[in-house]
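Visitor: I would like to learn how to read an interface between two chains. Please take me through one.

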Protein chains: 2
Amino acid sequence: MNTYQPPVADMAFILETVLQATPQLQALPAFGEVDADLVQQVLEESGKFVGEVIAPLNRAGDAIGAQWKDGQVTMAPGFRDAYRAFWQAGWPALSAATEDGGQGLPAVLEATLYEMLSAANHGWTMAPGLLHGAYECLKHHGSKALKDQYLGKIATGEWLATMCLTEPHAGSDLGLARTKATPQADGSYTLSGTKIFISGGEHDLSDNIVHLVLARLPDAPPGPKGLSLFLVPKFYPDGTRSDVHCERIEEKMGLHGSPTCVMRFDEAKGWIIGEPGRGLNAMFVMMNAARLHVALQGVGLLDAAWQKADAYAQERRQMRAPGAKDTSVIAEHPAIRRILDTQRAWIDGARVLAYRTALELDMAKHHADPARREAALRWCSFVTPVIKAAFTHQAFYGGSECLQVFGGHGYVSEWGIEQHVRDARVAMIYEGTNEIQAIDLLVRKVLADGGDGFCEWLDSLCGDDTGGALTGHVRALQGLTARLARAAQADPALPYWVADDYLRAVAVLLLQWAWLQIGARAPQDAPRWANPAQAFARWVLPVLGMRMAIMEAACSRAPSRASTTVA
Amino acid sequence: MNTYQPPVADMAFILETVLQATPQLQALPAFGEVDADLVQQVLEESGKFVGEVIAPLNRAGDAIGAQWKDGQVTMAPGFRDAYRAFWQAGWPALSAATEDGGQGLPAVLEATLYEMLSAANHGWTMAPGLLHGAYECLKHHGSKALKDQYLGKIATGEWLATMCLTEPHAGSDLGLARTKATPQADGSYTLSGTKIFISGGEHDLSDNIVHLVLARLPDAPPGPKGLSLFLVPKFYPDGTRSDVHCERIEEKMGLHGSPTCVMRFDEAKGWIIGEPGRGLNAMFVMMNAARLHVALQGVGLLDAAWQKADAYAQERRQMRAPGAKDTSVIAEHPAIRRILDTQRAWIDGARVLAYRTALELDMAKHHADPARREAALRWCSFVTPVIKAAFTHQAFYGGSECLQVFGGHGYVSEWGIEQHVRDARVAMIYEGTNEIQAIDLLVRKVLADGGDGFCEWLDSLCGDDTGGALTGHVRALQGLTARLARAAQADPALPYWVADDYLRAVAVLLLQWAWLQIGARAPQDAPRWANPAQAFARWVLPVLGMRMAIMEAACSRAPSRASTTVA
């Protein structure tokens, strides 16, 4: 069973040749010293570390997994040592500010690192994957006292962090959360309640764990506006243990390397982060970065599955391919070739979009021109929900296609491919389910101004479209968006029915844009890029027409669902 | 966690009201005594047994599974007792001939039984699921001596059976099999070789296990025509143990309740079934029944997943649905409603097609009129690969949609939904991968006569189509089929590239036919049938247009792939 090899050359091609990242980064005051050599060096060094240290632990993470006993969680063999090496080498701090102990590098290099890590070992990566959000949250909203004690340790990854949001009855609807925070005379709070689905709530990777917790003050109104954010560490700075305990970890479909914890807060002492009642706001500032991170998991997991399937297909010999004289390797059979090229089309196109979004995060944060920062935020606002949902969906469904390449061997654990499929499934759910992403895109963003802002933004995709096919699709989507906006006035429920179609149509359109970018810069007719480009046009692009037809039909019959009832 | 409840009323509605099964069965000489009461009684009794005895063992089958030790396999707790109750109650022998100890009932009642069993406990059901094929194989091709010793025990299920086909290097391409059979002076053979992926190769459910084994005689030609079929029991009639041993069982993605065995034949004594070199023919006679059986697994597993998702969606309360004043149960949210209604549309339509195919098997075997028998075989020949591939695909992908309804809880084993998804995945692979089914349909069957026979057969679907929408789609597919046949002359590889599109287009067309049948007989406007009918039209039917467009484009550019190479 081969383990994942970080595809450094492919990643560099997308980042530098297709997206021209370095000159754009150099133009930002914060990254004047970034050059092509540095980018290449980070890619190579991270690829080496991930390939040699993290990837080999993936099987044990699944087969042995995290073990709970009496409130303690022991991670899978090798996980702790690997984490120690990771933070001591400075990887968690890649994009943290230098004044906090970080390396001050661009978000886009953190993106390539986390794509590799997720591909190599999704379970292990869950723990450091939460650091970035906790760091930004504390940096922007924490008091000076809290920052002095915690920010540097989180920035460098010496201490790991969690996000304690979900409760048994409060999943997508965090406004239902009941965990209570009671103010104390010394300015601190005591927190009581139960949080579930807490990734890395307890483990032995780091000496301390810092929990960021949504809770409700005694006088808080019901709903999301009554939630505040608190910091509760596992150990206080004086070394005493807090009253936060891991009651159990969940048995799951996959991701066994990451303990999914039920955390009990028993009047645990903590401190508020930011203003009372502004807890969700403090967390949602990080939402684009967090969702991009999950989109990158999707890209990485699909690439890991593809690598395995491709290697198998080049070796396994069964039957004659059409026109062959003897038995062929299965990579030559059209049914297998089609799977491999189609998934390759998703991975490469997705990589363009994910890296471009990471670059826009850098622009939004660091560009000198407010208009450019605004444009960058707009890109992130529209594209992030699309790539989170579309790439995690594809990681699971496309990963399953890669499994199919193995025939019966794909179902057997020994080959490792089925683990990727099981691990990938969770990313369609967490960080906002894919259904929530679709509603975020269409209802909260596109239709918020009747579609005007989004339609204007779509125009910006057509700049490089010399052939005109993309422009035609953009025009069609713009027309449909206007129609949806009108139909939604008569039937406010309509956008909720078609949100999934809308997101998927936009995803295919964005992939078409991405493949135009690749096509303009890839060597002519090289099979490495020509075959997936062709697969995209033949087997992915037609989804756009189908989704458009579904939405057109929905507009024609609005108000929707008037004549039927819930069964 | 609720367990599966056999939906006896729904099944009876499809079987009797929609398909009018009883009068058709009564018209067959073999089933003159079958009446509506008997059908209802079999449905209810089987539903009771499956719901009370088999379904409750499903979780243990997954969590504990089959255990291998020193060549012995211990099944999960409760499995052995349940199997004893099963065969003693006469269930395995439902459709076996009365002269062999069976009940002589129609195949369509075996179909409803196995749909329930697979839904309730896919792992447990694998063992008896192989009986029918072994019985038919031995009955039609075995010598009198073999039948005297083995047929009755297999017919009644007192002994279980296996099909030993696959070898490590011979999966889809059985012609590569190397297991050797050497003739002995007494007319027996000694078999040597290794077979893999043998479901139920070893277990403690029955006192004996009868293996049907593909092997090669010393003078046999290479390839599939060199294969003969042999019978090797675990224990000979005199009680001695044969030299067939289970080396290990596979760790798998799911289906842990069924041991997937590596079987080693060490000069094991056996007997030939049928003629030398005709081994594949002997097995392929059973192919339609075996593939229908897998299609029914797909229907059952999706229904089991749907039941869980529906129950959860009726209880779980999150956020306000559009237009609601307070938090709603998630079944009222369009994104969830759409998932549930769409999967319901698949299940109900699939049930019509699967039961109809089982009825056609009864017609093919028992009808007095040779023309009707021929027509029945034609139905089975065209429809079976479609429903095998389409329903197993949907069981996994639609099952994953049902998992999504649970949000994070769907990923947690406790709720049981993720097991259905893992278990279902294998059915896309075994009994001929879904890619093989697509090639079987388009290349081996439809295009074998230039598409004429299939196009003529398609006309027969339009009889009940008063509205004309189905007829329009049939005409379009007929036109496309003729075009494909012409294009394939210039480019023989073309059908292999589009076989998957073709199968899926036919699947949607058949589902449209099925929903016309339901619509003609379901109570007007009852949400139980109206909602999935609407979901089918809105969200499943559009796939047909997309698949047609993909194939039209492929015909326009044939010869395909001329300009690109394998990467």
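Visitor: How many residues does the contact take from chain B and from chain A?

Guide: Contact means heavy atoms within 4.5 Å. Here 79 residues come from chain B and 79 residues from chain A. This is a predicted model: local features need pLDDT of at least 70, side-chain atom pairs count only at pLDDT 80 or more, and totals for chains, interfaces and linings use all residues. Residues are numbered from 1 along each chain as its sequence is written, chains are lettered from A and ligands numbered from 1 in the order written, and side-chain values use heavy atoms, with hydrogens and water left out.

Visitor: What area is buried between chain B and chain A?

Guide: Interface size is often given as the accessible area lost when the parts come together. Buried area is that loss (1.4 Å probe), summed over both parts. Chain B and chain A bury about 6,900 Å², and carbon and sulfur atoms give 59% of it. On the chain B side, Gln404(B), Tyr411(B) and Trp497(B) lose the most area to chain A, together 12% of what that side buries.

Visitor: How many salt bridges does the rule find across the interface?

Guide: The rule wants a side-chain nitrogen of Lys or Arg within 4 Å of a carboxyl oxygen of Asp or Glu. It finds two between chain B and chain A. One of them joins Asp501(A) and Arg338(B) at 2.7 Å, N to O.

Visitor: Is Gln404(B) buried or exposed?

Guide: Buried means under 20% relative accessible area, exposed over 50%, partly exposed in between (1.4 Å probe, protein chains only). Gln404(B) has 3% relative accessibility, so this residue counts as buried. Its contacts beyond four places in sequence include Arg425(A), Met428(A) and Glu435(A).

Definitions and conventions: Buried area is the accessible area (1.4 Å probe) that two parts lose on being put together, summed over both.
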